[in-house]
Amino acid sequence: MDESQRERIGAATGILFVLALLAAFVFGPDKPPGFDDTAQRVSNYVHDNRDEFQAATALFTIGIFFFLWFLGSLARALRLAEGQGPGRLGAVAFAGGITTAALAATGQAAQWAASYHTDLDPTLVRGLYDVGSGAFLLVGIGVAVLIGASSVVALREGIFPSWLAGYGAAFTVYTLVVTVVGSFKETGAFSPTDGVLGLLVFLGFLLWVLATSIVLVRQVDSGGPAPAAPPPPSAAPQ
């Protein structure tokens, strides 16, 4: 396997991440309870959907594996596009991706733990479930940093199509607004448990990863994601 094939596989892992997360969404539990529901109702929901939580966790684990691999390919493309500079935005985007994965894993683990034992006190179950919901809300921070920094590089260096860079910039603002406002909302459209705006953040993030992954694959096929930075000039002879 040559270098271009390895780069193509790395870039394509974003597509596999999206497929795994969509499968987790489809086969996972539906109609989640809200923050204002009783502990007993939340406990019943979690235990009634125990198999769905476990299936979603398994698919989520596979998805995070592919996401981290995709993140490495994206970080490389951003670093090359920034040239000989410090690569600050590429590092910021990478940090945003790691934060996204860590918070999402925390949220999934908390809700999986709530479903694992059927003899837990309902108050403890609701506590674990709420920790998971809170972690998923804060995923918006990482998503905004990842997409925002990537979009700035894309707009400045032209490494992604203008429509993708513009979408990323607008989506970054949207994600920050939903995350901040959702911190104050227990019910309604901004609620981190059953709010439709948070669901749009999830779907919009998957759309961005899918589009970015496809663009990176096409760039590899056409000769690389970005031209490598030229070597520094040799020192003048004494």
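## Terms and basis of the model

Two residues are in contact, or touch, when they have heavy atoms within 4.5 Å of each other.

The structure is a predicted model, in which local features need pLDDT of at least 70 and side-chain atom pairs count only at pLDDT 80 or more, while totals for chains, interfaces and linings use all residues. Residues are numbered from 1 along each chain as its sequence is written, and side-chain values use heavy atoms, with hydrogens and water left out.

## Overall build

The protein chain has seven helices and zero strands, where helices (H or I, at least four residues) and strands (E, at least two) are DSSP runs numbered from the N terminus. Read along the sequence, the pattern is therefore α-α-α-α-α-α-α. The C-alpha atoms fill a box of roughly 80 × 40 × 35 Å, taken along the principal axes. Among contacts between residues at least 6 apart in sequence, 78% join residues at least 24 apart.

Of the 238 residues in the protein chain, 44% are buried; buried means under 20% relative accessible area, exposed means over 50%, and partly exposed lies in between, with a 1.4 Å probe and protein chains only. The chain exposes about 12,000 Å², of which carbon and sulfur atoms supply 66%, and these areas come from the Shrake-Rupley method with a 1.4 Å probe, where for residues only the protein chains shown count as cover.

The chain carries 12 positive and 17 negative side chains, and the centres of the two sets lie 9 Å apart. Lys and Arg count as positive and Asp and Glu as negative, without His and the chain ends, and each charge is placed at NZ of Lys, CZ of Arg, CG of Asp or CD of Glu.

## The largest pocket

About 1,200 Å³ of space lies in the largest pocket, which is lined by 42 residues, with Phe25, Phe136, Pro192, Leu199 and Phe202 nearest its centre. The elements that give two or more residues to this lining are α1 (3-27), α3, α4, α5 (122-157), α6 (162-182) and α7 (196-221).

On a 1 Å grid over the protein atoms alone, a pocket is an open set of points where a 1.4 Å probe fits, with protein on both sides within 12 Å along at least five of seven lines, and lining residues have an atom within 4 Å of a point. Grid points are joined across faces, edges and corners, and a volume is the space filled by probe spheres set on the points.

## Glu82 and Leu89

Glu82 lies in the loop between α3 (50-81) and α4 (88-116), and it counts as buried because its relative accessible area is 14%. Apart from residues up to four places away in sequence, Glu82 touches Gly87, Arg88, Leu89, Gly90, Val153 and Arg156.

Leu89, one of those contacts of Glu82, lies in helix α4. The C-alpha atoms of Leu89 and Ala109 are 30 Å apart in space, for a separation of 20 residues in sequence.

## Residues in loops and helices

Lys31 lies in the loop between α1 and α2 (39-48), and it has a positive phi of about 50° although it is not a glycine. Its relative accessibility is 74%, so Lys31 counts as exposed. Thr187, in the loop between α6 and α7, counts as partly exposed because its relative accessibility is 44%. Thr187 and Gly34 are 153 residues apart in sequence, with their C-alpha atoms 6.6 Å apart in space.

Ile62 is found in helix α3 and is partly exposed, with a relative accessible area of 43%; from C-alpha to C-alpha, Ile62 and Leu16 are 9.0 Å apart, across 46 residues of sequence. Gln219 belongs to helix α7 and is buried, at 13% relative accessibility. Between Gln219 and Arg8 the C-alpha distance is 8.9 Å, although the two are 211 residues apart in sequence.
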